[in-house]
Amino acid sequence: MPKTEIGADRFLHSHPHYDGRGALIAIFDSGVDPAAAGLQVSSDGKPKIIDILGCTGSGNIDTSKVVKANADGCTSGASGASLVINTSWKNPSERRSGMRKTRRKLQRL
């Protein structure tokens, strides 16, 4: 991004500590490279990526776990989060759930 043209360089100079410290952000994106240099460490030395879930469905996620919807149409996702399925969808009462944590892979990079 062109920092000079949009005035970001002046803003950063005037406010050197306005860099997102303490902010926690979730990003849903299928094209993130967690090994990118700019995603490694924050300005205060903390890791920028706390966790990452591979959700591309490229065949490497075990989806053998069958979960059933409760009376409200909710199921429990692989991460433990409650998932609410739109009642107008014509889905079966059983769904398959799976995830693969990739943090261990990142530590080896």
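Author: Threonine 75 is buried, because its relative accessible area is 5%, and buried here means under 20%. This residue sits in strand β2, which covers residues 74-76. What does threonine 75 touch, once neighbours within four places in sequence are left aside? Its contacts are Val67, Lys68, Ala69, Ala81, Ser82, Leu83 and Arg95. Please keep in mind that you are looking at a predicted model.

Let's follow one of those contacts, Arg95. Arg95 belongs to strand β4, residues 94-97, and lies on the covered face of that strand together with Ser97. The uncovered face of β4 carries Glu94 and Arg96. Strand β4 has a partner as well: β1 and β4 pair in the antiparallel sense, over four bridges. Within that pairing, valine 66 stands opposite arginine 96 of β4. Strand β1 itself covers residues 65-68.

Threonine 63 lies in the loop between α2 and β1, and touches Arg96, Ser97 and Gly98, not counting residues up to four places away in sequence. The C-alpha atoms of threonine 63 and glycine 98 are separated by 4.5 Å, although the two residues are 35 apart along the chain. Is threonine 63 buried, partly exposed or exposed? Its relative accessible area is 39%, so threonine 63 counts as partly exposed.

Aspartate 62 is in the loop between α2 and β1 too. Leaving aside its neighbours within four places in sequence, aspartate 62 is in contact with Ser97, Gly98 and Met99. Between aspartate 62 and methionine 99 the C-alpha distance is 6.9 Å, with 37 residues separating them in sequence. Aspartate 62 is exposed, because its relative accessibility is 55%.

Threonine 87 and glycine 73 are 14 residues apart in sequence, and their C-alpha atoms are 7.0 Å apart in space. With a relative accessibility of 73%, threonine 87 counts as exposed.

Now back to the loop between α2 (8-14) and β1, which also holds valine 32. Valine 32 is partly exposed, at a relative accessible area of 36%. Together with Ile25, Ile27 and Leu39, valine 32 forms a nonpolar patch on the surface, and the four residues have about 390 Å² of accessible area together.

Charged side chains come together at another place. How many salt bridges are there? The count comes to one, and the side chains that meet in it are those of lysine 46 and aspartate 44, with an N to O distance of 4.0 Å. Lysine 46 is exposed, at 51% relative accessibility, whereas aspartate 44 is partly exposed, at 38%.

Helix α2 is worth a stop as well. Aspartate 9 has its place in this helix and is partly exposed, at 30% relative accessibility. Not counting residues up to four places away in sequence, aspartate 9 touches Lys3 and Thr4.

Finally, let's step back to the protein as a whole. There are three helices and four strands, and along the sequence they follow the pattern α-α-β-β-β-β-α. Of the 109 residues, 13% count as buried, and threonine 75, where we began, is buried too. Among contacts with a separation of 6 or more, 49% are between residues 24 or more positions apart. The accessible surface comes to about 9,000 Å², and 55% of that belongs to carbon and sulfur atoms.

A word on confidence before you zoom in elsewhere. The mean pLDDT is 75, and 77% of the residues reach 70 or more. Of the elements, α2 has the highest mean pLDDT, 89, while helix α3 (residues 103-108) has the lowest, 51. Where pLDDT is low, the predicted coordinates should not be read in detail.

Definitions and conventions. Residues numbered from 1 in each chain as written. Predicted model: local features only at pLDDT ≥ 70, side-chain atom pairs only at ≥ 80, totals over all residues. Heavy atoms only, no water. Patch = residues over 30% accessible without salt bridge, like charges linked within 9 Å, V, L, I, M, F, W, Y side chains within 5 Å. Areas by Shrake-Rupley, 256 points an atom, 1.4 Å probe, with all protein chains shown as cover. Helix = DSSP H or I, 4+ residues; strand = E, 2+ residues; numbered from the N terminus. Buried < 20%, exposed > 50% of the residue type's maximum accessible area, 1.4 Å probe, protein only. Pairing = 2+ DSSP bridges. Contact = heavy atoms within 4.5 Å. pLDDT = per-residue confidence, 0-100.
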